[in-house]
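Dear colleague,

Please find the structure below, handed over for your records. My notes on it follow.

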Amino acid sequence: MNQTNALQELLDSLELTQRAFAKGCGMSVPAVSRLVTTSQWPARSTSTFKTQAREFLLDRGAAQEQLQAVFEPANKLASV
């Protein structure tokens with residue numbers, strides 16, 4: 001599962017719309033749409049948005065495993 005699908009699947013499992021996620025994280029709806037479709041975080045205040053997104057999703061009942069799929073995608077090569 002890639003990061004894009006992981007975020008949308010998480011939003012779906014929590015019954016959250018992209019609009020609700022955007023409002024809860026202080027991001028615009030177009031920024032969230034871009035994040036879901038391209039995994040591209042807003043250029044400004046990226047770390048702030050990631051922190052707000054993680055806290056918002058945790059408050060809505062997201063599990064740590066779900067957050068890892070979104071914020072730490074498995075497609076990174078493991079160090080050997």
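In helix α4, the buried residues include F49, A53, F56 and L57, where buried stands for under 20% relative accessible area and exposed for over 50%, with partly exposed in between (1.4 Å probe, protein chains only). These four cover an arc of only 95 degrees around the axis, so they sit on the same side of α4; the arc is that of the directions from the helix axis to the C-beta atoms. On the other side of α4, S47 and D59 are exposed.

This is a predicted model, in which local features need pLDDT of at least 70 and side-chain atom pairs count only at pLDDT 80 or more, while totals for chains, interfaces and linings use all residues. Residues are numbered from 1 along each chain as its sequence is written, and side-chain values use heavy atoms, without hydrogens and water. Helices are DSSP runs (H or I, at least four residues), numbered from the N terminus.

Helix α4 (residues 46–59) packs against helix α2 (residues 18–25) at an angle of about 120 degrees, and their axes are 9 Å apart. Axes are lines fitted to C-alpha atoms over the stretch in contact, with angles from 0 to 180 degrees between N-to-C directions. From α2, A20, F21, G24 and C25 make the contact, and from α4, F49, Q52, A53, F56 and L57; contact means heavy atoms within 4.5 Å.

L57 has a relative accessible area of 0%. Beyond its neighbours within four places in sequence, L57 is in contact with residues including L7, L11, F21 and F71.

Yours sincerely

Definitions and conventions:
Helix = DSSP H or I, 4+ residues; strand = E, 2+ residues; numbered from the N terminus.
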